[in-house]
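Visitor: I would like a close look at a single part of this model. Please keep it brisk.

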Amino acid sequence: MLLYHGSTVIVDKPRLVQQNRNLDFGFGFYTASNREQTEQFAKKVAQRRGGIPILNMYEIDEVEIKKGLTVRQFSNPNGKWLDFVAQNRTGTYSGENYDLIVGPVANDDVYLTVQYYLSGVYTKNQALRALKIKQLYDQYVFATEKAMAMLKFVESKELLK
């Protein structure tokens with residue numbers, strides 16, 4: 001399976017780097033299986049920070065991952081996913097640690113719904129109803145060195161702004 005990481009640099013040797021903000025699935029190296037989504041993300045990063053948008057591509061062996069890693073998988077944006085994202089975004093998650101977390105990404109379109117839920121404007125049910133009408137892509141977050149070792153760099157491509 002191919003996974004993508006959008007950036008403004010070539011990431012041929014991905015590493016776990018301490019982040020300066022709380023993200024959907026917590027600490028880790030974020031990738032996605034949707035190329036178009038990742039290209040758009042890389043372009044947004046380049047607009048904000050300057051530089052050239054770059055699409056980094058990796059391969060993973062899904063069979064090996066299922067055998068060798070603890071994986072938390074969310075197949076859709078349900079209540080458990082919403083709580084997990086909310087706790088990670090607020091820095092309050094204290095549950096089990098996983099090698100790999102897979103599930104819907106709270107992209108810019110979804111972000112507002114999650115923020116409404118976090119601020120109490122939406123109840124959990126209202127947030128979940130709003131999320132059902134959104135097109136959600138997935139993300140694969142490699143959260144440990146053990147997981148990172150299963151990520152094989154394929155190539156990088158510069159994108160047009």
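Visitor: Which residues does Asn-34 touch, not counting residues up to four places away in sequence?

Guide: This is a predicted model. Asn-34 touches Tyr-4, Tyr-137 and Asp-138, with residues up to four places away in sequence left out. The place of Asn-34 is the loop between β2 (29-31) and α1 (35-49). Its relative accessibility is 22%, so Asn-34 counts as partly exposed. Buried would need a value under 20%. Leu-3 is 31 residues from Asn-34 in sequence, yet the two C-alpha atoms are 7.5 Å apart in space. The side chain of Asn-34 also reaches the backbone nitrogen of Glu-36, at 3.1 Å.

Now step into helix α1. Arg-35 forms a salt bridge with Glu-39, and their closest N and O atoms are 2.9 Å apart. The two are four residues apart in helix α1, so about one helical turn separates them. Glu-39 is buried, at 18% relative accessible area. Arg-35 is partly exposed, at 31%.

The structure holds four salt bridges. Another one joins Asp-83 and Lys-124, with the closest N and O atoms 2.7 Å apart. This pair links distant parts of the chain: Asp-83 lies in helix α3 (residues 79-89) and Lys-124 in helix α5 (residues 124-132), 41 residues apart. Asp-83 is partly exposed, with a relative accessible area of 24%. Lys-124 also counts as partly exposed, at 30%.

Conventions:
Residues are numbered from 1 along each chain as its sequence is written. This is a predicted model: local features need pLDDT of at least 70, side-chain atom pairs count only at pLDDT 80 or more; totals for chains, interfaces and linings use all residues. Side-chain values use heavy atoms; hydrogens and water are left out. Buried means under 20% relative accessible area, exposed over 50%, partly exposed in between (1.4 Å probe, protein chains only). Contact means heavy atoms within 4.5 Å. A polar contact is a pair of N or O atoms within 3.5 Å; within protein, one must be able to donate a hydrogen and the other to accept it, and residues adjacent in sequence count only if both atoms are side-chain atoms. A salt bridge is a side-chain nitrogen of Lys or Arg within 4 Å of a carboxyl oxygen of Asp or Glu.
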